Every structure is written in structure tokens, then in C-alpha cells.
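Subject: Structure handover

Hello,

Here is the structure, with the sequence alongside. My notes follow below.

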Amino acid sequence: MEYVNTVFTEGPLEEQIRDFAVYLTKLKQEDGAFVTSINTLLDEKKYDQVFSTFASEASALLDAPEKEFEPMYNLLIVILQSASPEARPVLVKTSIKALVDDDRDKTIAKLKVLQNFYNTLESTSPLRYDVFLAVLTIAAKNDEIDTILPQLPRLDVWVKEWAITKQQERELYLIISDNLKEAGEAKESYDFLLKYLATFNGSDNYTEAKIAATRALTEAIQLPEILSFENLVELDAVKTLKDEKLFELLKIFLGSTLKEYKTFTEQNPGLVEKLGLSNEDNIRKIRLLTLASISSGHVGTEISYSDIARALEIDENEVEMWTIDVIRAKLLEAKLNQVNRTILVNRSTYRTFTKEQWMQLADRLAGWQESLADILQVVANAKLIVQHANVNANIAATTPLVVAESNVNGQEDSGQ
């Protein structure tokens, strides 16, 4: 997160500690026993005990007036920064736990405090992970998830900077995915679910990933904007479901057609509904993908309305509507020819890129290379023609001048 550091305090550490102890005593409306105990610890140079006491009492600051809440928490942050590196992790986690556990309506103030906590930590500090997790939890719990959405694209970079464990990384991605789903951000939730699943590979235990993998496959089929499945089926965690019907269904969306989808549903009656999916929505998506597949084999050529209608099992008068939908989904670039009742395919997205697609690409590149060679030859010939034309023009321009000089000389000679 990139925020301006607003933690500015003055005075030596002991003075700050005494001021904070006095403030807590007044806030809790207690007698001077707390201040006395802190002063005693200071006199005995038992700073670690002071820091531990303040961290455990941090929840008292939630009762502070709004205008004092952030400044006093900032003072606590500065005090805890003086703790030893070994003690600091527990102190920070204890302090922020009070903010997360509290249910009072101070969301914005809490987020500001956590931002300040985050910014006072070094960029490579693993504690930034804990603070960010607290920010995420409070924002999600209080319907403020929009406040952190702009920060999420940089999360992968931060994860590397924090140098957290693989298990922490998994926990972070899954929590983000769950919270985004709860907030109605379905596509972003799915993206982080894939990041979570991508952390599993090799000899990992996939037991905890299977539930998430099942959810990912279901959401991939369910979400209208998900039209590419190749990366999903290549994940090791997802491959653990390869013997299940859901995985078989996903592979139909990966590379098959409407006809094959209908065959599958006929052979497995009630399965789509059991999986929590909509057959109507599935058919719409598979039609879009089927049209993309047909088009990928006709780049640079035309496809008739009748062929499209047959493949999509629709009336010919619906072809234009479906073609426009596929274009909007960015699976296809094409022009409609309403007179000839054809579409001219300029570009189409491959649903899978296999050896066959590589061979097609190689053939196309070879064709372009040959065409470019022909063009270069035409350009070279044109240059020769222009050069010859320039030479002839120069000869034609200089010859009359020589003749004119000869005529003048001749006239002068005859006059003598």
C-alpha cells in the first residue's frame, strides 16, 4: 500500500511512554496505579515489559474520542518501534488484533491507523503481511472492500518483498478471494482463487486445495466473462479432479462444441443442476465458444450464415446477434455481409493452442514470408524502372542543349 506516513511525534522515548501511560489512565478512568507501575518499569529499565503492557492495553484506545484516536495510536506505534526486532512481531500483532476484533463503527479510523502501522514498517518486513491482512479483514467486515481494490494489482510484488512463507501466501490469496466473493466482486475473487491454487505443485498435499479447485471449476463455467480455461486445467491442484464429472464438463468448455455439450448432459441427467449451474447459461456460453472455434479455422475467409446456424442450433436470423456477442466478448474480429449472408473472419481466438494450431501458425507465417518476398521483388523492379526512367530523362534534357550550341556555332561560322 502506498500512503503518506502521518506518524509524527516529538520528545524522547521515556517522555512519550509516560505521556501514553497518563493518557490510558485518564481514558480508562482509573487511579494512578497504572502510571506508577509504568514509571517503576522505566526506572528499572524494563522496557520490554512496558512495550508488552502497552500492546495488550491497545484495545482501550478504541474508547478514545475520534479526534484523539489516530494521534494516540500513532504514539503507540512510535513507542513500539523502539522494541527489539525479536519482540516487535508479537507486539505489532497484539496491537492490531484489538482493531480487528472490535465491532464498533470506527472503520475509517481503524484503516487509517493500520495504514500508518504498515508505512512505518520496512518494505521487506514480514509484519506488513499481518497488517495488510488486518486491513483486508476490517474492510471486508464493514463493506469497505472498495478501499483496497486499487492496491490488489501490486500484491504479487509485495508478497515477494515480504518474503512470507508459502502457507502464508496461500492463506492471503484464499482470504482475499473469499472476501471479494462475499463483496460481490466475482471475477476478482476467481482470479485470486487461481493464485491460491497455483501455489500447489510437486509433492504438496492437495487435500486442502480440492475444495477450492472444485469451486474454481464451477465458477469458471458459471462466470460469463470467463471464456478461457487452458490455464485452469493445467494447474496441478485442478488435475486432482480429472476423474470427476465436473472436470469432464470443464474440458467440454475448453475445446468442444454445443453438440458435445448436449451429448454430455443427456448422458448425465441432472448433473448440471446438482453442480449448482444453469443449463441455459451453459448453452449460451458454449455457443459463443463454438462460434469462436468455427471462426478460428476460417481466418481470412467467409463463413455462411447457414453453417453457423447449424453449428449453434439456431435460426439463421439469429446469426448476426450471436456474431456480435462473440465480437463483444473479444473472441472474434469479423465483418457481417448481410447481402451474401456471410461473415468475413479477420481474427479469431483459439480456445486451446495445440500442435495443430502451431502448425497452422507456421503455415501462415510461411505464406506471409512468401508474400513479402514477392512484394520486395515488385519494389525492386519498380526501383529499376524509376532509375531507367531518370537516366532517359537526363539524356533527353541534355541533348537539346548540345544541339542548340551546335546550331549557334554554325550560324556564327556562316556569318564570318
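Which helix lies across E1, E2 and E3? Helix H17 (residues 279-296) does, and it runs at about 85° to E3. Axes here are lines fitted to C-alpha atoms, for helices over the stretch in contact, and angles run from 0 to 180 degrees between N-to-C directions. Helices (H or I, at least four residues) and strands (E, at least two) are DSSP runs, numbered from the N terminus.

This is a predicted model, where local features need pLDDT of at least 70, side-chain atom pairs count only at pLDDT 80 or more, and totals for chains, interfaces and linings use all residues. Residues are numbered from 1 along each chain as its sequence is written, and side-chain values use heavy atoms, without hydrogens and water.

The sheet: it is open, with three strands in the order E1-E3-E2 and antiparallel pairing (two strands pair if DSSP finds at least two bridges between them). Strands E1 (302-304) and E2 (332-337) are at the edges with a single partner strand each, so one side of each has no neighbour in the sheet. E2 pairs with E3 (residues 342-348) over six bridges, and Lys335 stands opposite Leu344 in E3. Helix H19 (residues 319-328) also packs on the sheet, where it touches E2 and E3 (contact means heavy atoms within 4.5 Å).

Helix H1 (residues 13-28): its buried residues (under 20% relative accessible area, 1.4 Å probe, protein chains only) include Ile17, Phe20 and Leu24. Helices H2 (33-43), H3 (47-56) and H4 (66-80) are among what covers them. Just after H1, Gln29 has a positive phi of about 55°.

Regards

Methods:
Buried means under 20% relative accessible area, exposed over 50%, partly exposed in between (1.4 Å probe, protein chains only).
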